[in-house]
Amino acid sequence: MPGLGISLGRGGATTFSQDLQHSDAVVIMGSNMAECHPVAFRWPMKAKARGAKLIHIDPRFTRTSAMANIYAPLRAGSDIVFLGALVNYIINSERWNSEPFFKAYVTSYTNAPTLISAEYRGPDDLEGLFSGWDAEAKRYDTKTWAYQTEEAALESGDQTAGTAGQSSESATEGGLPTTTPPQSGQPAPGAGQQQPGGQPTTPSTPGGQQGGTPQPQPGTPSTQPNQPGDDAQSFSARVGKLVGPPPRQDRTMEDPNTVFQVMRRHYARYTPELVEQVCGTPRDVFISVAETLLANSGPDKTSAFCYAVGWTQHTSGVQLIRTATLVQLLLGNIGRPGGGILALRGHATIQGSTDIATLYNIHPGYLNAPNVNRKHDTLGDYIETETTPTAYWANFPKFIVSQLKAWYGDAATPENQFGYDWLPRITGDHSHMPMFVEIDKGNVKGMFAMGQNPAVGGQNAGFQRRALAKLEWLVVRDLFETETASFWKDSPEVRGGELSPADIQTEVFFFPAAAVPEMDGSFTNTQRLVQWHEKAVDPPGDARSDIWWTVHLGLRLKELYKGSTEARDQGLLNLTWDYIDEEENRAAGWQILDEPSATRILKEINGFTWADKKPLASFADLKDDGTTACGAWIYSGIFAPTADNPAGLNKAASRTPDDWVSLGWGFAWPANRRQMYNRASADPAGNPWAKEARLAEQFGGGKFRGYVYWDPGADAGTSAAGEALRGKWVGLDVPDFPATKPPTAQAVPNGVGLDYHDGASPFIMKGDGKGWLFAPSGAVDGPLPAHYEPFESPVENLVYKQQGNPLTKIWEPQERLAAVGSADYPHILSTYRLTEHHLSGSMSRWLPWLAELQPELFAEISPEHAEELGVDNTDKIKITTPRATITAKALVTRRARPYTINGKRIHYVGLPWHWGYKGIAVGDVVNDLSAMVGDPNVSIHEAKVFVCNVSKA
């Protein structure tokens, strides 16, 4: 998610599945969409039926490849080379340099014209590293990645400095002036309109560890004031003090320090020839992909990208996704129908589990958890550290105070910082893999495993099973007795004699869980769409819903600690925890009368005025003074009042479809927008691009001229003086922009929030309102994506001297890791998923019809590899890594192929990872083979590429 967030401002998918039917080309990379997301895949297929080109880029030839117009084979782990070469090819192509649309989009909507510090140096100069690298501390000091600012230029006597982020000779060329005050008669932001907003980029690494000296986004000073007496001030009023000087720009993009020129130099070495050499992709196939994207992007055409965990599960996963945003920004495909980037989530509500925060380092709505390693001592400190004052994030004080009010109710007051001190502070990286390292060390006494199965799903799963044996207690809640629940009696370690049940002191509690039809609730799917599901039947026996378990656990803990005067207990005791309505359950005819109400929880998430508990219409209504409560600001509006339902209407339960945008079906955060950044679906002057005009004529019923565009004659309410106002953003979707801010609006140099942006800045969550090609902050491992080899690789890095990501997180001892080019482990291995099974198999291997469809573990190998091994189809083979050896049946198929990398033949092995030692369909645990190494930004594991050996069993 940070890969999208760093570039665009929010980490969610920019588009929605149904919109892919209007794509002119769809690139599927890092995903086998046909097999793993078959329902969503119907929309690319509809596009293909209308003449669109489908492109699949993947190490394996899959069901998706079979449907594609172009299949591009790619060595696993070399994606950034392919995408970086697309960047280079695009900006040097005749079409990109002759079609005015591309440069109009890039100069107005991205930070391409912005000047970077003259001290910045990139991997070309530093053998694969960026300037600011501290080898001893193993981190970057990022000050040389910063924007140049007007104030700094004037102080240095640079007479070329213009105003509000433009050099004087280019202040009006190619775009709108950005310096004069707003026109009179225009309403102030927020006056009579719903404000935009949404999910942010993650400003710090997991655990809040900074990758160098923290650098502000544009408009934020490098030192943040916190003067005596400030805490008595309105939190929102203090935000204005954080605004710094605007960045400098050269809209000709000719200055060598512009983002555009820095990016051009960075990717100059990423050529079709390099792609062939490093990725193993034939040069002509790469060129065909590039030309297809160019031909199907522009004012009258758009192309989309779709990806899944094939991109995320790498030690450079965040940067890999960042590279795709560069391609899409350069092609003008972000914020436009048929364009964008669709992040394909692998669970029904994997998006929702991060929105409403099951991650250790964020609160609901992507508010960073307080951290002892950052300036988070007081609520004021926390707000000043986390607020970006020149973006919609200027409203951060309202988000956090309203959240604290929802959690602590009457106990949250201005005098006690709304209970801020009751929040736990994180101290480092507490994600899954380092947590298991601490369990193994004996530093964690107990664990809840709810909706996860680390005995199969964890990386180096054998290590994780052995670590479980060091817990004092383990609580497992699931539909079946999973491998995690029974590790102590039937794991491979127990069967092999490494562990003895008599010696394992872990007390295991297994609780049966209710299934989805046995509870009310919601799913938030791959496109940020929240959809409600109603309870159909009571769960059997003692099975209970996740909500029941969590709420009753909280109530029992509150009772246990009742009367405590310890400061550490007050947060628990003051929690508002009133979610049970027995009369409602009795009236509905349910047997479990103490089942908590999912609707009550949704109302809290939506938000309400504290005094009278009236639901809020949107997050624009939030306050920072304790008069509003809101559990997750990005979901505000999901239970908003309507004329017919003044007490609020559950919009997640709305089921009015249409042929395309379907604003009446469910609720998409933020503010029910389906296409984020849709201000970019109009040109800088606010007029629809040609494609948007055509689609509006086809689908708009004569009401609209574009997808989202500026209508100067639209009713925009009244001014403070009661005068009628005209001019408004309208269209088929909810505008992702201040509704009455005209395209001619000019930036206020000292403005707070969106006043700081001009009327042609679609990326409202970014400090400068622009899509970031170059990221001065947000990523700890570099401002531009660079190719590093996977941590375990059979070849040396052919692009830079630096072999791997220098900030890779490593939790494995050296003896469990393969050296570069190891003769003992010469092959590439990737794990993947099947349609018939789900994740670790705990919801599918127990079902007879699914177990029959995919009864046992197999490994895909190429005919060439099989011939070398002397193996026939269905023979048993052993796959070995430094962590473990497993056995599988060989599936000899041309879907797998050997790759020639720099003259060296490298075999590819593909393994689905769904099997374990429980259920009807059983098999060896593929994750026993994988390593505990991860991306430095998000700690995600690298399961999509590591090395192995294969032999006949």
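Me: At what angle do helix 5 and helix 12 pack, and how far apart are their axes?
Reply: This is a predicted model, to start with. In it, helix 5 and helix 12 (residues 283-295) pack at an angle of about 55 degrees. Their axes are 10 Å apart.

Me: What about helix 5 and helix 14, at what angle do they pack?
Reply: About 20 degrees. Helix 5 spans residues 79-91 and helix 14 spans residues 317-330. Their axes lie 9 Å apart.

Me: Why is helix 5 called roughly parallel to helix 14?
Reply: Because the cut-off for roughly parallel is an angle under 35 degrees. The angle here is about 20 degrees, so helix 5 is roughly parallel to helix 14.

Me: Left-handed or right-handed, that crossing of helix 5 and helix 14?
Reply: Left-handed.

Me: Which residues make the contact?
Reply: On helix 5: D79, I80, L83, G84, L86, V87, I90 and I91. On helix 14: Q319, L320, T323, A324, L326, V327 and L330.

Me: How many nonpolar, polar and charged residues in the contact of helix 5 with helix 14?
Reply: Eleven nonpolar, three polar and one charged.

Me: Moving to cores. How many residues has the largest nonpolar core?
Reply: It has 100 residues. F82, L86 and Y270 have the most contacts inside it.

Me: Which helix gives the most to this core?
Reply: Helix 5, with ten residues.

Me: What is L86 in contact with, leaving aside its neighbours within four places in sequence?
Reply: F286, V289, A290, L293 and V327. F286, V289, A290 and L293 are also in the helix 12 side of its packing with helix 5. V327 is in the helix 14 side of the other contact.

Me: What other core lies apart from the largest one?
Reply: Another core of 62 residues. I362, V530, W669 and L732 are among them.

Me: W669, then. What kind of peptide bond joins W669 and P670?
Reply: A cis one, with omega about -5 degrees. P670 sits in the loop between strand 17 (667-668) and helix 27 (690-699).

Me: Switching to backbone. What is the phi of K613?
Reply: Positive, about 60 degrees, although K613 is not a glycine. K613 lies in the loop between strand 15 (608-609) and strand 16 (628-629).

Me: And L839, what phi does that have?
Reply: Also positive, about 50 degrees, and L839 is not a glycine either. Its loop runs between strand 21 (827-832) and helix 28 (848-853).

Me: Is L839 buried or exposed? And how does K613 count?
Reply: L839 has a relative accessible area of 16%, so it is buried, the limit being under 20%. K613, at 45%, counts as partly exposed.

Me: What about Q261, buried or exposed?
Reply: Buried, with a relative accessible area of 16%. Q261 lies in helix 10 (residues 259-266). Not counting residues up to four places away in sequence, it touches M253, E254, D255 and P256.

Me: Where is Q591, and is it buried or exposed?
Reply: Q591 is in the loop between helix 25 (582-588) and helix 26 (598-606). It is exposed, at 65% relative accessible area.

Me: What separation do the C-alpha atoms of Q591 and H907 have?
Reply: 58 Å. The two residues are 316 residues apart along the chain.

Me: Last pair: helix 18 and helix 20. At what angle do they pack?
Reply: About 45 degrees, with axes 8 Å apart. Helix 18 and helix 20 are therefore oblique to each other. The crossing is left-handed.

Me: Which residues make that contact?
Reply: H432, F436, V437, I439 and D440 come from helix 18. F463, Q464, A467 and L468 come from helix 20. By class, the contact has six nonpolar, two polar and one charged.

Key: Residues numbered from 1 in each chain as written. Predicted model: local features only at pLDDT ≥ 70, side-chain atom pairs only at ≥ 80, totals over all residues. Heavy atoms only, no water. Helix = DSSP H or I, 4+ residues; strand = E, 2+ residues; numbered from the N terminus. Buried < 20%, exposed > 50% of the residue type's maximum accessible area, 1.4 Å probe, protein only. Contact = heavy atoms within 4.5 Å. Axes fitted to C-alpha atoms, helices over the stretch in contact; angles between N-to-C directions. Parallel < 35°, antiparallel > 145°, perpendicular 65-115°, else oblique. Left-handed = near helix turned anticlockwise from the far one by under 90°. Nonpolar A, V, L, I, M, F, W, Y, C, P; charged D, E, K, R; others polar. Core = buried A, V, L, I, M, F, W, Y, C linked by side-chain atoms within 4.5 Å.
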